[in-house]
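Subject: Structure handover

Hello,

Please find the structure below, followed by notes on what was found in it.

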Amino acid sequence: MDTDHYKQILLDLKREVSGRINAIDRDIRHEDLSADWSEQASERENDEVLESLGNSSEQALSMIKFALIRIDEGTYFQCAECGEQIPSARLDLLPFAAHCVDCAEKIEN
Ligand SMILES: [Zn+2]
């Protein structure tokens with residue numbers, strides 16, 4: 001199994017998600033707030049959306065970090081729950097997946 005390939009993908013993702021979190025933080029603080037009052041009001045309405053997006057990005061970031069730890073530990077291809085091998089087709093779609101499809105479904109339900 002080619003861990004370097006997935007490590008590179010995860011590092012790229014980590015950079016992208018970190019950048020997105022920083023951009024959202026700037027947006028919430030309204031550093032580029034326009035002087036137009038009506039526009040300010042609509043920008044404030046977006047805060048809630050931005051904040052929830054920020055939360056899911058934080059969640060994605062922690063999953064990416066966990067996946068990178070799993071690569072270093074040599075357990076990246078093992079399901080964190082049952083220990084079965086996670087198919088590479090799944091990791092191509094979800095590089096930070098820590099569970100096989102069966103366990104992921106069980107956890108969700
Ligand atoms: Zn499993």
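Helices (H or I, at least four residues) and strands (E, at least two) are taken as DSSP runs, numbered from the N terminus. This is a predicted model, in which local features need pLDDT of at least 70, side-chain atom pairs count only at pLDDT 80 or more, and totals for chains, interfaces and linings use all residues. Residues are numbered from 1 along each chain as its sequence is written.

Overall layout

The chain has five helices and zero strands, giving the pattern α-α-α-α-α along the sequence. A residue is called buried if 20 or more other C-beta atoms lie within 10 Å of its own, exposed if 12 or fewer, and partly exposed in between, with C-beta atoms placed from the backbone. On that count, 10% of the 109 residues of the chain are buried. Two residues are in contact if their C-beta atoms, again placed from the backbone, lie within 7 Å. Among contacts in the chain with a separation of 6 or more, 58% join residues 24 or more positions apart.

Helix 1 and helix 3

Two packed helices are described by the angle between their axes and the distance between the axes. Axes here are lines fitted to C-alpha atoms, for helices over the stretch in contact, and angles run from 0 to 180 degrees between N-to-C directions. Helix 1 (residues 3–29) and helix 3 (residues 47–73) have axes that come within 9 Å and cross at roughly 155°. The two are therefore roughly antiparallel to each other; the cut-offs are under 35 degrees for roughly parallel, over 145 for roughly antiparallel, 65 to 115 for roughly perpendicular, and oblique for the rest. The residues of this contact divide into 15 nonpolar, four polar and seven charged. In that division Ala, Val, Leu, Ile, Met, Phe, Trp, Tyr, Cys and Pro count as nonpolar, Asp, Glu, Lys and Arg as charged, and the others, Gly among them, as polar.

Helix 1 has 27 residues and reaches 39 Å from its first C-alpha to its last, close to the 39 Å expected at 1.5 Å a residue. The expected span is 1.5 Å times one less than the number of residues. Helix 3 also has 27 residues and reaches 39 Å between its first and last C-alpha, close to the expected 39 Å.

The buried residues of helix 1 are Tyr6, Leu10 and Val17. They pack against helix 3 and helix 4 (88–93).

Individual residues

Ile71 lies in helix 3 and is partly exposed, with 17 other C-beta atoms within 10 Å. Its C-alpha is 6.7 Å from that of Thr3, 68 residues away in sequence. Leaving aside neighbours within four places in sequence, Ile71 is in contact with Thr3, Tyr6, Lys7 and Tyr76.

Leu61 is also in helix 3 and counts as partly exposed, with 18 C-beta neighbours inside 10 Å. Leu61 touches Lys14, Val17, Ser18 and Ile21, not counting residues up to four places away in sequence. The C-alpha atoms of Leu61 and Leu13 are separated by 8.4 Å, at 48 residues apart along the chain.

Asp92 is in helix 4 and is exposed, with 12 other C-beta atoms within 10 Å. Asp92 and Tyr6 are 86 residues apart in sequence and 8.2 Å apart in space, C-alpha to C-alpha.

Regards
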